[in-house]
Amino acid sequence: MKNFLNSFLGTLAGIWVTIFILGAIMIFSLVVAAVSGTSGSGVSVKDHSVLYIDLNDNITECRERRNLISELQGEVTGSMPLNELTAVIRRAAYDDHIQGIFIDCNGASAGMAQREAINAALKAFKKESPDKWIYAYGDTYTQGDYYTACAADSIFINPSGMIDIHGLSSTALYFKGLMDKLGVNMQVVKVGTYKSAVEPYIMDGPSEPSVEQQTLFLNNIWASIRKTIAEARHTSPDTVNSWANSLMMAKDVDFYLSARIADGKMYRHEFLDKLKKLTGRDKLRLVSVKDYAGAVDLDLDRGHSTTIAVYYASGEIFDKGEQGITAEKMVDDLLDLADNDKIDGLILRVNSPGGSAFASEQIWEAVEQFKEITGKPVYVSMSDYAASGGYYISCGADRIYAEPLTLTGSIGIFGLIPDAHGLITDKLGVTTHTIATNPDGDLPSLFKPMTPVQQTQMQAYVNRGYELFVKRVADGRHMPVDSVKMIAEGRVWDGAEAMKRGLVDKLGGLDAALRDMAKSLNAADYNIVEYPDYNAEWWEMFLDIKAQAEANAVRKHLGDANTLYETLRRFNLMAPVQARMDYVTVNM
């Protein structure tokens, strides 16, 4: 009885403590919500200010849903929405309070096309305000940050600093050895010689077609990057390539100066003193991107009669769920936009390597419904990736825009069906016996391989999905089916190659798509409305508190092994048939 009483009282105390903590958090959140809702950023932009771009965050396409658990535990790494950053840079060009821009290069994580968008905004700033300056400073320049810094008027480095220029590479993990040890055989059904997303599960390394396509798009993208660097540093692309071949990170700072890779060396306090002299102030007025966005109207709603909606579709494509692009949500959103009479045109901003083929088809159909119901234009602006399912949901648009650094195409689909009888029976000693009313009653089964008939039927199913995908592209791009098949086969293209082959209409970013759509609408000026809205109410974050806590715990305990875990977890979440590009990470 005593043990029972102690246990009961302990449980009761735990419940009350939990209620107290949650209550305190809710009260705190109400106060924060009330304060943030009434006070804005609390920052005013004064004369002689400098826009401060701190490149140390993860660059996202737009503002993302907040992770409450991470914030409470102080584990938030921070993120900077690309749309907000570029809007702030362009707005600052017309702000008399802003004298210049300070780019602090601290190792931001950003995609290649996202970097291109930032550079385009910085170039527009210089064009619109030639009397203003842009300076970059860094202790250690990653190659990505250096690429961004090349849009500055001058690049400064710490006397003990480092600049890394090394070219590009792509890395993929291959799990065949692990599968063999576990006794799991991955049964593949696919269409596309270049559809190499299945290779990590059935091979020890890439196939020749995979090497061929990766070599082409890496070389093309690197050519574009080194051309940009060369133009900024007043040298030749071959010279930039020689820098990449000479282990630049090990060079002395004086070499960077003599080679005109950097313009000056100074310690951080000396650089800040330089900015003080430029602004004519004893105390430097640095205004962060976040504070500037909160203090100044970014002109998303200018009060004009024409309104263009920008819908951000970022992440892998799923049938349903809470992460990435889900057909369940995006279809509803697009149909709601079709009923919105205030919208004059729609731009999909796509950053996706693809995912579920079924979900991609549903989103494609919703885009078609929007066009049919409204008769309004639909454009697509591609970011870092818009491949496979990402291209599927894009191909019906009236016009498609991509950056030269975008990866797109990958028109092909596949299915992966694991046969784990080697693990379950041979390794673990567990035998199974299935009773079914029909020959395919247990398909798909983890406990036995497919029969030749089942393999043939599944291949036919995937073939039909591929033919449908090709037809969607052919209809959307006004191309013969045979012409699409010549550039399909699951092959990934960089943006420039994709345009040559008719998969893309124009090279450029979101701004180019907005300008052209406004022109097609005969609008000299326009408003922008952004979807979906990730500025959730404070209480909505409590709804997924359990999932957030579990995910954070897994990341914390697995450490570096979390990458492998996330790869296997994504596989578990996959729909049976996938329109997804290769699991390739391009290292900039």
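Trainee: Between which two helices is the loop in which His234 is found?

Mentor: His234 is found in the loop between helix H8, residues 208–232, and helix H9, residues 237–244. Please keep in mind while we read that this is a predicted model.

Trainee: Is His234 buried or exposed?

Mentor: The general idea is that a residue counts as buried under 20% relative accessible area and as exposed over 50%. His234 has a relative accessible area of 63%, and it is therefore exposed.

Trainee: Which residue other than glycine has a phi near 55 degrees, a positive value?

Mentor: Asn522 has a positive phi near 55 degrees and is a residue other than glycine. Asn522 lies in the loop between helix H20, residues 510–520, and strand S22, and with a relative accessible area of 73% Asn522 is exposed.

Trainee: Which two residues does a cis peptide bond join?

Mentor: Here one reads the omega angle, which is about -15 degrees for the cis peptide bond that joins Tyr531 and Pro532. Pro532 has its place in the loop between strand S22, residues 527–531, and helix H21, residues 545–558.

Trainee: How should I read a strand, and how many residues of strand S16 are buried?

Mentor: As a general idea, side chains in a regular strand alternate between the two faces of the sheet. In this structure, strand S16 spans residues 378–387 and is mostly covered, with 9 of its 10 residues buried.

Trainee: How many bridges join strand S14 to S16?

Mentor: Strand S14, residues 345–352, runs parallel to S16 and is joined to it by 6 bridges, and in this pairing Leu348 has Val380 of S16 as its bridge partner. S16 is also joined by 3 bridges to the parallel strand S17, residues 399–402, where Arg399 stands opposite Tyr379. Strand S18, residues 407–409, likewise runs parallel to S16 with 3 bridges, and there Gly409 stands opposite Ala387.

Trainee: How many salt bridges does the structure hold?

Mentor: To read one, look for a side-chain nitrogen of Lys or Arg within 4 Å of a carboxyl oxygen of Asp or Glu. The structure holds 20 salt bridges. One of them joins the side chains of Asp254 and Lys265, at 2.9 Å from N to O. That pair links distant parts of the chain, with Asp254 in helix H10 and Lys265 in strand S9, 11 residues apart.

Trainee: Why are Lys276 and Asp273 separated by about one helical turn?

Mentor: They are separated by about one helical turn because they are 3 residues apart in helix H11, residues 268–279. Lys276 and Asp273 form a salt bridge whose closest N and O atoms are 3.6 Å apart.

Trainee: Which residue forms a salt bridge with Asp505?

Mentor: Arg477 does, with the closest N and O atoms 2.9 Å apart. Asp505 lies in the loop between helix H19 and strand S21, whereas Arg477 lies in helix H17, so the pair ties together parts that are 28 residues apart in sequence. Asp505 is partly exposed at 30% relative accessible area, while Arg477, at 10%, counts as buried.

Trainee: Which residues form a negative surface patch?

Mentor: The negative surface patch is formed by Glu328, Asp332, Asp336, Asp339 and Asp341. Among them, Asp336 lies in helix H13, residues 327–338, and is exposed, with a relative accessible area of 51%.

Key
Residues numbered from 1 in each chain as written. Predicted model: local features only at pLDDT ≥ 70, side-chain atom pairs only at ≥ 80, totals over all residues. Heavy atoms only, no water. Patch = residues over 30% accessible without salt bridge, like charges linked within 9 Å, V, L, I, M, F, W, Y side chains within 5 Å. Areas by Shrake-Rupley, 256 points an atom, 1.4 Å probe, with all protein chains shown as cover. Lys, Arg positive; Asp, Glu negative; His and termini not counted. Charge placed at Lys NZ, Arg CZ, Asp CG, Glu CD. Helix = DSSP H or I, 4+ residues; strand = E, 2+ residues; numbered from the N terminus. Buried < 20%, exposed > 50% of the residue type's maximum accessible area, 1.4 Å probe, protein only. Pairing = 2+ DSSP bridges.
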